[in-house]
Structure formats: C-alpha cells, structure tokens
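Trainee: I would like to learn how to read a structure feature by feature, with the cut-offs stated as we go. Could we begin with the contacts of a side chain and then move on to strands and sheets?

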Amino acid sequence: MSDTAPLRLLIVGLNYAPEQVGIGPYSSGLAETLAERGHTVEVVAGEAYYPEWHRHPNQPPSGTHHLENGVGIRRVKHYIPARPGGLKRILHLASFALSALVPAIRTARKLRPNVIFTVAPSALSVPSAWLAARLSGAKLWLHIQDFEVEAAFATGLLKQRGIGAGLARALENGLLKIADRVSTISPQMITKLHEKGVAPERTFELRNWANARFLPDASQAARYRTEWKLEGKKIALYSGNIANKQGIEIIIDAAQNLSERNDLVFVICGQGPNKARLEQLASGLDNVQLHDLQPAEQVGGLLALADVHLLPQIPQTADLVLPSKLTNMLLSGRPTVATAAKGTGLADEVEGCGITTDPGDTDAFAKAIADLLDDPVQAAEMGARASVRAAERWERDTIIHLFEAELIREARGELA
C-alpha cells in the first residue's frame with residue numbers, strides 16, 4: 001500500500017455498541033474513529049447482550065448489513081445464556097465463533113482488508129478470523145482484553161486440571177502463535193504475553209481509554225441525589241458489571257462494617273449474573289442502594305455523585321484483566337478505593353489517586369473508605385491527581401492515534 005492510501009480493516013468481535021460497558025464501547029470506538037479518519041472499516045459482531053445477558057432491543061436484524069457512524073456492521077446470531085456458567089459460557093463463545101465464520105470470510109473476500117483485527121474474548125473466534133485473513137491475504141491482529149482461559153480458572157468457571165484444562169491452555173497458546181500481532185491493555189498484561197512466548201516485537205499496548213462523554217456533570221449528580229433520596233449523604237459508588245471477577249461482595253461486607261455511620265450510603269449500579277445474589281446479601285442494610293446500569297448519557301452525573309469510587313477485584317484475576325471502569329473513575333476526579341496487591345497493574349494505576357487494600361480484607365477496605373470520607377483534603381488531592389492521570393495515560397485520541405500508526409506500519413509490512 002502507498003504512504004497515503006487509507007486502510008481497509010475488518011474487525012471480528014463478539015461485543016460491540018450499543019453495549020455500554022465492557023469491551024463493546026472500545027471495539028466500536030476504535031471502528032468509528034478509524035472510519036472518521038478515512039479508513040474503510042467493516043465489522044462482524046455478535047448481537048448486543050452485555051451485561052444483562054439477554055438480547056438488547058432495537059437492534060437491526062441479525063444477518064443484515066447496515067452502516068452505523070461510518071462503519072459497515074453485520075451482526076450474527078449466537079447463544080446467549082440467561083445464567084452464564086462454565087459450559088454455558090463456552091457454548092456462548094463457540095456459537096459466536098461458528099456464526100461469524102462464513103460472514104467473516106465473505107466480508108474479507110469482498111473487502112480485501114489489509115488487517116483483520118479480532119478481539120478476545122472470544123478467543124474461540126480467532127480461528128474464524130485467521131481463516132478469513134489467510135483467504136484474503138490480510139494480516140491477523142489479535143487484541144486481548146482479558147486472558148479468558150486463566151480468568152476462567154481463577155473464577156471457577158473451568159477446573160484447572162484435567163483434559164479440558166489442558167485443551168484450553170493448548171488452544172490459547174496456539175492462537176497466540178498464529179496471529180501476526182498481539183496487543184493487550186496494560187504493561188503487566190504485555191509482560192504476561194512475553195511469558196507465554198509472544199516475541200516483544202509482536203506485541204503492542206493498546207489501552208482502553210477514558211470516555212470524554214463521561215466528564216463530571218454536577219447538575220445530573222444533583223438530580224440523582226434528589227431522585228434516590230441521598231441529600232446530605234456521602235456516597236461510596238460502584239458502577240459496572242456484577243460478575244465473578246469483581247469480588248463485589250466485599251462492598252456489602254464493608255457496608256455492614258460501617259452500618260453505624262448515618263452519613264454514608266453505598267450505591268451499586270450495574271447488571272450481571274451475580275446481581276440477584278448481591279441483592280440478597282444487601283437485604284436489611286439501610287446504607288446500601290442497588291440500581292440498574294444507568295444510560296450512557298447520564299454516566300457523567302453518576303460518576304460525579306461519588307465521594308469515593310469502589311473497585312473490588314478478586315486476587316486470582318490480577319493482571320489477567322485491567323478493569324476498564326477505572327479509566328472513567330479517574331476522569332471523574334474522585335479518589336478510588338481498590339482491592340489489589342502491590343505490584344499488580346490495578347495497584348500501579350490507582351497509586352496516588354486512591355487507596356489499595358489487600359483483596360478480601362474487609363476491615364482494611366472499610367477503613368480506607370472511611371479515611372477518605374473523613375479527610376476531604378486528602379480525597380481532593382487524590383481526585384485531582386486522578387484527573388491528571390486520566391489525561392496523561394487514558395486520553396482517547398492519543399491512544400487511537402498511536403494504534404492507527406502501528407496498524408499502518410503492520411499493513412505495510414514495516415514490522416516484518
């Protein structure tokens with residue numbers, strides 16, 4: 001390709017807009033921004049379902065091709081379990097991989113992309129993207145949002161021993177080898193790629209960015225306070241997916257620990273397979289409110305509602321995933337209390353912008369929340385540093401610009 005020719009890019013990924021949390025906003029953000037910059041972008045995606053685990057309404061029919069914000073999109077049907085467990089989740093991912101195979105090949109043959117960009121989860125769709133790449137002469141770029149095999153072991157979705165575990169590890173290693181480039185979202189996860197045998201020159205750090213749409217909105221925050229009867233209260237906020245990787249039960253434990261404080265309310269906004277259990281755990285606690293995931297246009301107000309953000313994570317998933325919700329927490333200019341061991345990616349990102357406590361240590365977690373609420377000067381200083389860090393490390397245009405430049409280099413064969 002010439003120095004000035006725009007790219008032709010095919011993205012194969014399960015999650016895409018209108019999903020508001022998780023991987024979807026980043027895949028759609030990449031696609032739309034590259035299209036705005038003059039590149040031709042086509043997407044083969046699954047039906048939007050996350051994090052509710054049921055098909056979102058008002059989607060174009062599966063199998064049809066439509067143009068959305070400059071991007072050509074073809075959605076495919078796949079199995080969506082109402083209660084995702086180990087086998088059901090595997091079937092869910094496998095069904096997308098099978099459904100995406102023929103559309104990916106047909107789109108690749110028509111588009112003749114320079115690069116096919118595929119996103120894990122789901123790694124099971126990588127063979128479909130690889131075959132489409134081989135048949136169209138494209139490079140294959142694998143982007144890892146989390147190490148799903150190890151995360152499945154860590155959360156108990158898969159047993160760590162036995163034939164199934166061996167096959168899962170072998171599949172992951174094989175998929176890492178067939179990609180021309182492999183990217184992921186944090187320095188620690190890049191290191192893990194190297195440990196898995198991916199050569200440094202084949203890796204690239206592609207961060208998830210803070211969403212400028214979510215800038216603090218004080219007027220919307222005030223409306224939330226009125227609507228949810230939170231006037232005069234300090235707010236410890238969690239917003240996002242409610243699933244195994246979060247270890248979110250520690251928030252309920254902390255609320256119990258701090259139940260004698262009449263100035264504090266724990267607000268949890270989200271959806272996910274563990275929400276019903278969380279509601280049971282919180283029953284009887286007057287200082288806990290649970291709400292649904294809020295519309296994207298109101299997230300700036302929701303984040304501004306917080307005096308302190310809460311970011312629990314179970315220790316087994318440390319450096320297997322970096323929670324994308326952190327980026328917008330930092331953007332809000334509020335301090336964060338996270339559960340993360342020293343030296344992990346999450347601890348490094350939160351350092352100076354909040355407090356980290358050992359995962360599972362409810363007393364330390366509750367104390368950190370109380371300390372920040374009772375020391376507004378320290379909280380304000382940490383919040384100010386959070387805003388600066390969001391600008392320095394998580395600015396969308398810079399992240400996508402660097403990725404675009406690397407994508408062009410890969411397409412030209414300059415990295416061979």
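Mentor: A polar contact is a pair of N or O atoms within 3.5 Å, where within protein one must be able to donate a hydrogen and the other to accept it, and where residues adjacent in sequence count only if both atoms are side-chain atoms. Here such a contact of 2.7 Å joins the side chains of Ser183 and His143, and the side chain of Ser183 also makes a polar contact with that of Trp141, at 2.8 Å. This is a predicted model, in which local features need pLDDT of at least 70 and side-chain atom pairs count only at pLDDT 80 or more, while totals for chains, interfaces and linings use all residues. Residues are numbered from 1 along each chain as its sequence is written, and side-chain values use heavy atoms, with hydrogens and water left out.

Trainee: Is Ser183 buried or exposed, and with which residues is Ser183 in contact beyond its neighbours within four places in sequence?

Mentor: Buried means under 20% relative accessible area, exposed over 50%, and partly exposed in between, with a 1.4 Å probe and protein chains only. Ser183 has a relative accessible area of 0%, and is therefore buried. With contact meaning heavy atoms within 4.5 Å, and with those sequence neighbours left aside, Ser183 touches Trp141, Leu142, His143, Ile144, Leu193, Phe204 and Leu206.

Trainee: In which strand is the place of Ser183, and how should I read the pairing of strand E6 with E7?

Mentor: Helices (H or I, at least four residues) and strands (E, at least two) are DSSP runs numbered from the N terminus, and Ser183 lies in strand E7, residues 181-184. Strands of a sheet pair through backbone hydrogen bonds, either parallel or antiparallel; two strands are taken as paired if DSSP finds at least two bridges between them. Strand E6 (residues 139-144) pairs with E7 in the parallel sense over four bridges, and Ile144 stands opposite Thr184 in E7.

Trainee: What is the order of the open sheet of eight strands?

Mentor: The order is E3-E4-E2-E1-E5-E6-E7-E8, with mixed pairing. Strand E3 (65-68) and strand E8 (203-205) stand at the edges with a single partner strand each, so one side of each is left without a neighbour in the sheet.

Trainee: Which strand has eight of its eight residues buried, and how many bridges join it to E9?

Mentor: That strand is E10 (residues 264-271), which is largely enclosed by the rest of the structure because eight of its eight residues are buried. Leu264, Phe266, Ile268 and Gly270 point one way from E10, whereas Val265, Val267, Cys269 and Gln271 point the other way. Eight bridges join E10 to strand E9 (residues 234-241), running parallel, and four join E10 to strand E11 (residues 288-291), also parallel. Ile268 is the bridge partner of Tyr238 and stands opposite Leu290 in E11.

Trainee: How many disulfides does a search of the whole structure find?

Mentor: A disulfide is a covalent bond between the sulfur atoms of two cysteines, and the criterion is a pair of cysteine sulfur atoms within 2.5 Å. The search of the whole structure finds zero. Cys269 counts as buried, at 0% relative accessibility, and so does Cys353, at 1%.
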